[in-house]
Amino acid sequence: MVRLNGKGGVEYAVRRDMDGAWLYDADLDGTDGAWEPDAQNATWCASKEDALHVADLNGLTGAEYALAGGYSLWERDWVNEEEIGEDWEPAEPRPVA
């Protein structure tokens, strides 16, 4: 489910716990996944389900379609382009509770 608010919404990505690297999959097909040190370069998805699907395509899920040990789901807020002012900075990612 996509989470929205009056100024934007929330998006999701997968992070590797041991080194804090972020999953990047340009084509969203699991064939060319990479680990990026910067959250800005992660593959951010509109829903938790979409992020889990990308993780599954990259072999990062286990039983019951859950992330395998050593990986976690993170979220960050995004805003609509018209809400971005001169002092805007991207939101810091936070672990999904």
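I began with the largest nonpolar core, which has 10 residues: V10, Y12, V14, L23, C45, A51, V54, A55, L60 and L73. By nonpolar core I mean a set of buried Ala, Val, Leu, Ile, Met, Phe, Trp, Tyr and Cys residues joined through side-chain atoms within 4.5 Å. Both β1 (8–16) and α1 give this core at least two residues each. I also noted a second, separate core of 6 residues, with W22, A39, A42 and W74 among them.

For the record, this is a predicted model, where local features need pLDDT of at least 70 and side-chain atom pairs count only at pLDDT 80 or more, while totals for chains, interfaces and linings use all residues. Numbering runs from 1 along each chain as its sequence is written, and side-chain values use heavy atoms, with hydrogens and water left out.

Next I looked up R76, which sits in strand β4 (residues 71–79); strands are DSSP runs of E, at least two residues, and helices are runs of H or I, at least four, numbered from the N terminus. Is R76 buried or exposed? I put it down as buried because its relative accessibility is 10% (buried is under 20% relative accessible area, exposed over 50%, partly exposed in between; 1.4 Å probe, protein chains only).

Which side chains does the R76 side chain make polar contacts with? I found E11 at 2.6 Å and Q40 at 2.7 Å (a polar contact is an N or O pair within 3.5 Å; within protein, one atom must be able to donate a hydrogen and the other to accept it, and residues adjacent in sequence count only if both atoms are side-chain atoms).

Last, I checked G69, in the loop between α1 (48–57) and β4. G69 is exposed, at 72% relative accessible area.
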